[in-house]
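Subject: Structure handover

Hello,

Here is the structure I promised you. Please open it alongside this email and follow the residues as you read.

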Amino acid sequence: MPAPGGLGFLLVENGLEALRLMGLKNQILKKSNTLNFFKAIDTKGNVIYKRILEECVAISRETFFEVVGAELDSSVHYHGKSVTGIIRDEEGKVDGLSLDDGTVVQSDIYFGVDGINSVLRSAIHPETSLEEVMEGELVCMVNIKDSGLQQDEFLKIFDKENGKFMGLIPLGNDMFIWFIQFNRANEKGLTRDPEVLKAYAIETVKNYPYSIRKIVKETCFSKAVLWNARRMDILPSFHDDKIVLAGDAAHPLLAFTSQGSNSALEDIVCLVSHLSHLSGVLSQEVIFKNYYNARKPSIEYYIREGDE
C-alpha cells in the first residue's frame, strides 16, 4: 500500500454506509466536516443551481488515514510501502510479494490496494492499460480565516467562457480543498512547478468573486497536486490466485463521479462479507469471483457516468 497522494475525500451515502458496517462511521464523522449544501455559481457570483446534500462529509486524506490506521493491525498491512513484484512458485502460483524496501511478504491472501498505478493490477492483467483523457485538475489545500464562504457548502464555479470548473470544499476549522478542472489541450504549458501553478491559478480566477481570489492568493502551492485524468474499462477479474484487488487498483474512476474513495470502501465491505463464507464448500477462487460479480454492475455504472 503506497503512501497516499491527493489531499482529501468527499464521502457520500454509500461510502458512509460502508464505514458504518466497518464500525468506523462515528469516528470519521467526529473528524470530518458535514456538507449540507451544493451550490453552483457563474464567475460573477450569480447562483445557477443549489440543492441540499444528504449524507455528505469532507475529510482530509491525512485525517482519514489516521482514523482508519488506528484500527489496523500493523502486522498485516504495509502503509507507505510499494509492491515491486509478485513472487511465483514453479507452478506459477503466487508465493509472495516483494516490497520496495526489500521485504518479502507471504500470506494466504493479498489485498491489493496499491492505487491507480497498481503494480499488482499490471502484473495480473498486463494486457490492460490506463487511457489518458483530456481532463486535468489542479488540487490545493489552504488554511484561511474570514474566507467569506459557508463552512457547510460545496461550492462550484462554472466558467463557461474559459471552459473550466472550480470547486471549493470546506474541511472545517478554516481549512479548504479547492480544485480547478480544465481541458489539457488548452493548457499545454502547465507544469508542476509551484510558481507556474500559482500564476496559472491567479490568472484563472482574476475575474471571479473576491472570496475566491482571496483563497487562491493565500494558498501555498508547494503541496499542490496536478492530475492528468485517466480511465480504464472494467477488468475481466479482480483477482489472480491469492491476490485480490480493490479501489483504484481494481477500477480507476474519473473524479467527476466522486466515487473513487466511496466505491473503494464498498469494495472492502463486499469482499469481507464474501470472505466470511469461506469454507470447505466455497473456495477462495469462488469467493473472489462472487466478489467481482457483486461489484461489477456498480463499477460499470460509475465508469459510464464518468465518461458521460
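F238 touches I243, V244, L245, A250, H251, Y291, Y292 and R295, leaving aside residues up to four places away in sequence. Touching here means contact, that is, heavy atoms within 4.5 Å. F238 is buried, with a relative accessible area of 0%. Buried means under 20% relative accessible area, exposed means over 50%, and partly exposed is in between (1.4 Å probe, protein chains only). F238 sits in the loop between β14 (225-231) and β15 (239-240). W227 is 11 residues from F238 along the chain, and their C-alpha atoms are separated by 25 Å.

A word on the source. This is a predicted model, where local features need pLDDT of at least 70 and side-chain atom pairs count only at pLDDT 80 or more, while totals for chains, interfaces and linings use all residues. Residues are numbered from 1 along each chain as its sequence is written, and side-chain values use heavy atoms, with hydrogens and water left out.

Now the whole chain. The protein chain has eight helices and 16 strands. Both are DSSP runs numbered from the N terminus: helices are H or I with at least four residues, strands are E with at least two. The radius of gyration is 21 Å, close to the 19 Å that the globule rule gives for 308 residues, so the chain is as compact as a globular protein of that length. That radius is taken over C-alpha atoms, and the rule is 2.2 Å times the number of residues to the power 0.38. Along the principal axes, the C-alpha atoms fill a box of roughly 65 × 40 × 35 Å.

Buried residues make up 44% of the 308 residues. Take the contacts between residues at least 6 apart in sequence: 68% of them join residues at least 24 apart.

Where is F154 found? F154 is in strand β11. F154 is buried, with a relative accessible area of 11%. Its contacts, again without residues up to four places away in sequence, are L10, L35, F37, F38, K39, L53, G167, L168, I169 and F179. L271 is 117 residues from F154 along the chain, and 31 Å separates their C-alpha atoms.

Start with α6 (residues 210-217). Which residues of α6 are buried? They are S211, I212, I215 and V216. Seen down the axis of α6, these fall within an arc of 135°, so they line one face of the helix. The arc is that of the directions from the helix axis to the C-beta atoms. Exposed Y210 and K217 are on the face of α6 turned away from the buried side. The cover over the buried residues of α6 includes β10 (131-143), β11 (153-159), β12 (164-172), β13 (175-183) and α5 (194-204).

Then α3. Its buried residues are T63, F64, V67 and V68. They fall within an arc of 125° down the axis of α3, so they line one face of the helix. The face of α3 turned away from the buried side carries exposed E62 and E66. What do the buried residues of α3 pack against? They pack against β1, α1, α2, β5 and α7.

Last, α1 (residues 13-22). N14, G15, L16, A18 and L19 are its buried residues. Their cover includes β1 (8-11), α2 (25-31), β5, α3 (61-69), α7 (260-275) and α8 (284-307). Just after α1, G23 takes a positive phi of about 80°.

That leads to backbone angles. Most residues other than glycine have a negative phi, and most peptide bonds are trans. E55 is not a glycine, yet has a positive phi of about 55°. E55 lies in the loop between β4 (47-52) and β5 (57-60). Is E55 buried, partly exposed or exposed? E55 is partly exposed, with a relative accessible area of 38%.

D146 also has a positive phi, near 55°, and is a residue other than glycine. Look for D146 in the loop between β10 and β11. D146 is exposed, with a relative accessible area of 68%.

Happy exploring.
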